[in-house]
Amino acid sequence: MDNCDYFGGTTIIAVEFDGGVVMGADSRTSCRTYVSNRSADKLTRITDHIYCCRSGSASQTQTLANTVAYAMNYYECSMGEPALVRDAAVHFRNKIYDSRQTMMASIIVAGWDRRHGGQVYSVPITGLMVHEPCAVAGSGAAYIQGFVTAHYRPGMQQADTVELVKNAVQLAIQHDCSSGGIVRLGVINEYGMDACVCCDKDPAMVKYANTLLWNLEFGIW
Amino acid sequence: MMNNSFAQPMWSNGPSPGQFYNFMGGNAPTQLPRELTTAGPFGTKHSTAAITTGSSVVGIKFDGGVLVAADTLVSYGSLARYQDIQRVFKINNNILLGGSGDFADIQSIKRNIDQKMIEDQCYNDGVIMKPGELASWLTRVLYNRRSRMNPLYIDVVVGGVDETGKPFLGNVDMRGRAYNDYVVATGFGRHLALPLVRERKPKDRDFTFEEATNLIRESMKVLYYRDTRSIPQYTVGICTAADCSIKGPFKVEENWTFAETVKGY
């Protein structure tokens with residue numbers, strides 16, 4: 001294992017819904033106990049309709065994603081049609097399985113294609129590939145596995161799935177020290193990927209409220 | 001000529017590094033301290049590593065007293081287990097103690113300190129312990145434990161005012177190393193908060209209360225952003241000649257508006 005896992009802690013999740021997939025991730029890159037990047041983007045583009053969530057060693061997963069994106073782009077140019085989600089997952093699996101002694105990469109591939117609709121494939125560290133409707137990974141996954149299992153239902157609509165993913169990542173951020181920051185969400189359907197950031201704290205309000213409380217507690221008026 | 005390629009021991013029957021040595025001489029066997037021996041059949045031992053830990057504590061001295069701040073988290077490894085814990089304690093009307101490191105050891109030393117405060121009250125002679133005295137006492141206790149290879153895994157900030165109202169701020173670590181300064185911190189605070197505060201220190205005077213509070217707020221914000229073992233909630237102890245109490249919990253003024261502009265890697 002690396003002396004210092006650059007990307008040791010993460011929470012990533014992807015859930016299928018009727019018409020596409022919702023992906024979520026936290027935004028913390030940690031180097032043991034130091035937060036090296038508090039606004040990381042772990043939802044990485046492979047093609048317009050296929051994204052992957054990366055966890056494990058940051059350098060390894062970034063390089064992997066570059067390689068697979070290149071291969072998928074080549075395929076799309078040669079075939080003249082969008083790539084299948086499963087193909088991207090298989091590419092990840094081949095690379096991770098062949099180098100699993102030296103690699104620490106755990107990927108969730110999520111996307112939409114015309115043949116099978118929204119799909120989520122889990123490719124963990126060991127290099128196995130499995131299609132599951134709802135996948136979590138990363139150090140924060142342990143804390144939300146029960147929550148996700150309890151609240152996931154097959155055939156949910158987009159709004160419910162977004163709520164599930166957002167709440168799950170927020171819970172993981174609350175409990176896992178290696179996950180933190182804001183929740184990054186992405187919804188992939190036939191029209192492409194729509195990313196957003198969930199941050200319900202208005203910094204001006206927080207600052208105002210905190211200043212008020214501070215003045216109150218210390219008796220400064 | 002004998003080629004002796006192995007280094008010869010420089011002395012015999014004397015102390016060897018890492019071992020307990022019996023300076024009293026004779027054949028008395030060196031024994032582990034009682035608290036480290038357990039009654040297992042195969043000499044079973046429990047880990048004395050820090051497991052439930054508190055992260056940074058920051059203390060700042062200003063012209064009228066001291067402020068000591070710490071977040072309200074005690075982690076269990078990388079699990080943010082106890083999220084509503086006071087880590088800054090009021091010891092008596094003159095002393096604040098901010099504890100970081102293994103929280104069980106903090107509670108243990110605090111029980112001892114509370115006993116001493118009760119003794120003070122029982123004597124009722126108008127003399128109560130001052131912060132510098134508590135810091136000295138802690139140094140001795142921690143150094144002795146460390147010398148017996150059974151440390152209390154703590155790093156504490158001791159702050160307060162003495163009977164004339166003069167502020168005191170010190171830091172004692174698990175090996176018994178202590179020092180005083182106008183700003184002290186433990187853990188990540190040492191890397192992130194100390195430079196931040198030292199940069200803003202006016203050369204010719206102490207901080208004002210206003211400046212100290214702003215520095216505390218900024219330090220806690222930076223610590224929340226950059227320390228994984230932290231949460232955005234903290235308490236602040238204030239000790240002046242007039243008042244000694246713990247205020248809070250306050251929230252970190254976190255700002256994530258720029259995160260939307262970050263895409264990809």
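Chain A and chain B of this predicted model bury about 3,500 Å² between them, 59% of it on carbon and sulfur atoms; buried area is the accessible area (1.4 Å probe) lost on putting two parts together, summed over both. In chain A, the residues that lose the most area to chain B are A:Arg38, A:Cys177 and A:Trp214, together 23% of what that side buries.

Local features need pLDDT of at least 70 and side-chain atom pairs pLDDT 80 or more, while totals for chains, interfaces and linings use all residues. Residues are numbered from 1 along each chain as its sequence is written, chains are lettered from A in the order written, and side-chain values use heavy atoms, without hydrogens and water.

The contacts between the two chains are as follows.

| Item | Value |
|---|---|
| Residues of chain A in contact with chain B (heavy atoms within 4.5 Å) | 39 residues |
| Residues of chain B in contact with chain A | 39 residues |
| Salt bridges between chain A and chain B (side-chain nitrogen of Lys or Arg within 4 Å of a carboxyl oxygen of Asp or Glu) | one salt bridge |

The salt bridge joins B:Glu254 to A:Lys201, with the closest N and O atoms 3.0 Å apart. On the side of chain A that touches chain B, β4 (34–37), α1 (58–79), α4 (158–175) and α5 (203–218) each supply at least two residues. Helices (H or I, at least four residues) and strands (E, at least two) are DSSP runs, numbered from the N terminus. The most comes from α5(A), with nine residues.
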